[in-house]
Amino acid sequence: MKGKHKIGWKTAAALVISNMIGTGVFTSLGYQLTDIQNTWSIVLIWLLGGLFALIGALTYAELGTNFDDSGGDYVFLSKLIHPIVGYIYAWVSLTVGFSAPIAISVMAMKSYLNPINPTIFNDWFGILVILILTAIHSISVGQSGKFQNISTGVKIGFVLILIILGFSFVPTQDVTAIDLSNSWQDEILLPGFAVSLLYVTYAYTELEFCCIHCG
């Protein structure tokens, strides 16, 4: 029975892929390119974010090995520091930590679909999506895992289509977005570099999430 309440590595990987290539990459990358345009700067930002995420993932894996109770951060903070710290964290997660990312994801989805039909793809549409997904995930962990795997497969399919379209409709003029100059040496000292790194760490957050629930 205990195994039925956990997700496997395939669903865990689907969670990471789905979150990172969704709001994490597609939405946050536009904000990163506001101040940072050099290709090396962008690559460096994502490498640093990946390093931070790996450190966090290993930390959570070690904590999960020592504290096998269900509860994630609530259990870790309660046992390592004090129960009141875990209690406060749980309420912060409930009111902001988990609800805010859901709201951001829905806002991003609405902003992408709104130009197609503003009448249909409005705020109420976003609320309806949240309610439908909540109902789907309320059935069982197994049902949630199947839905996650299918939705991630669809998302990867769209990404592949975009890649194919990109190669199929290459501009005839000599135009490229790749900048391999030495301007990255100046960009890494800009405040925008640190802000962009913040967006990247947001995208990598789900890697640590999977280590909590699947580690």
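From the N terminus on, the elements of this protein run α-α-α-α-α-α-α-α-α. That gives nine helices and zero strands, in a model that is predicted. Of the 215 residues, 24% count as buried. Among the contacts with a separation of 6 or more, 69% are between residues 24 or more positions apart. Here is a friendly walk through the cores, the helix pairs and a few individual residues.

**Nonpolar cores**

- The largest nonpolar core holds 12 residues, and these include Val-16, Met-20, Ile-36, Ile-42, Ile-45 and Trp-46.
- Also in this core are Ala-53, Phe-193, Leu-197, Val-200, Ala-203 and Tyr-204.
- Three helices each supply at least two residues of this core: H1 (9–32), H2 (39–66) and H9 (191–214).
- H9 gives the largest share of the core, with five residues.
- As background, nonpolar side chains in soluble globular proteins tend to be buried together.

**H3 with H4**

- Helix H3 spans residues 73–80, and its axis comes within 6 Å of the axis of H4.
- The two axes cross at roughly 155 degrees; an angle over 145 degrees counts as roughly antiparallel, and H3 and H4 are therefore roughly antiparallel to each other.
- The crossing of H3 and H4 is right-handed.
- On the H3 side, the contact is made by Asp-73, Tyr-74, Leu-77 and Ser-78.
- H4 brings Pro-83, Val-85, Gly-86, Tyr-87, Tyr-89 and Ala-90 to this contact.
- By class, the contact of H3 with H4 has seven nonpolar residues, two polar and one charged.

**H4 with H5**

- Helix H4 covers residues 83–97 and helix H5 covers residues 99–113; their axes lie 5 Å apart.
- These two helices pack at an angle of about 15 degrees, which makes H4 roughly parallel to H5.
- Ser-93, Leu-94, Thr-95, Val-96 and Gly-97 of H4 meet Ser-99, Ala-100 and Pro-101 of H5.
- The contact of H4 with H5 is made up of four nonpolar and four polar residues, with no charged ones.

**H5 with H6**

- Helix H6 takes in residues 123–137, and the axes of H5 and H6 come within 9 Å.
- The H5 and H6 axes cross at roughly 130 degrees, and the two helices are therefore oblique to each other.
- H5 passes H6 in a right-handed crossing.
- From H5, the contact draws on Ile-102, Val-106, Met-109, Lys-110 and Leu-113.
- From H6, the contact draws on Asp-123, Phe-125, Gly-126, Val-129 and Ile-130.
- Sorted by class, the residues of the contact of H5 with H6 are seven nonpolar, one polar and two charged.

- Lys-10 has its place in helix H1.
- With a relative accessible area of 58%, Lys-10 is exposed.
- Lys-10 and Gly-145 are 135 residues apart along the chain, and their C-alpha atoms are separated by 8.9 Å.
- Asp-35 sits in the loop between H1 and H2.
- At a relative accessible area of 41%, Asp-35 is partly exposed.
- Leaving aside neighbours within four places in sequence, Asp-35 is in contact with Glu-187, Leu-190 and Gly-192.
- Leu-180 lies in the loop between helix H7 (141–168) and helix H8 (184–187).
- Leu-180 is exposed, and its relative accessible area is 52%.
- From C-alpha to C-alpha, Leu-180 and Asn-38 are 6.5 Å apart in space, while in sequence they are 142 residues apart.
- Not counting residues up to four places away in sequence, Leu-180 touches Asn-38, Thr-39 and Trp-40.

Methods: Residues are numbered from 1 along each chain as its sequence is written. This is a predicted model: local features need pLDDT of at least 70, side-chain atom pairs count only at pLDDT 80 or more; totals for chains, interfaces and linings use all residues. Side-chain values use heavy atoms; hydrogens and water are left out. A nonpolar core is a set of buried Ala, Val, Leu, Ile, Met, Phe, Trp, Tyr and Cys residues joined through side-chain atoms within 4.5 Å. Buried means under 20% relative accessible area, exposed over 50%, partly exposed in between (1.4 Å probe, protein chains only). Helices (H or I, at least four residues) and strands (E, at least two) are DSSP runs, numbered from the N terminus. Axes are lines fitted to C-alpha atoms, for helices over the stretch in contact, and angles run from 0 to 180 degrees between N-to-C directions. Angles under 35 degrees count as roughly parallel, over 145 as roughly antiparallel, 65 to 115 as roughly perpendicular and the rest as oblique. Contact means heavy atoms within 4.5 Å. Ala, Val, Leu, Ile, Met, Phe, Trp, Tyr, Cys and Pro count as nonpolar, Asp, Glu, Lys and Arg as charged, and the others, Gly among them, as polar. A crossing is left-handed if the near helix is turned anticlockwise from the far one by less than a right angle, and right-handed if clockwise.
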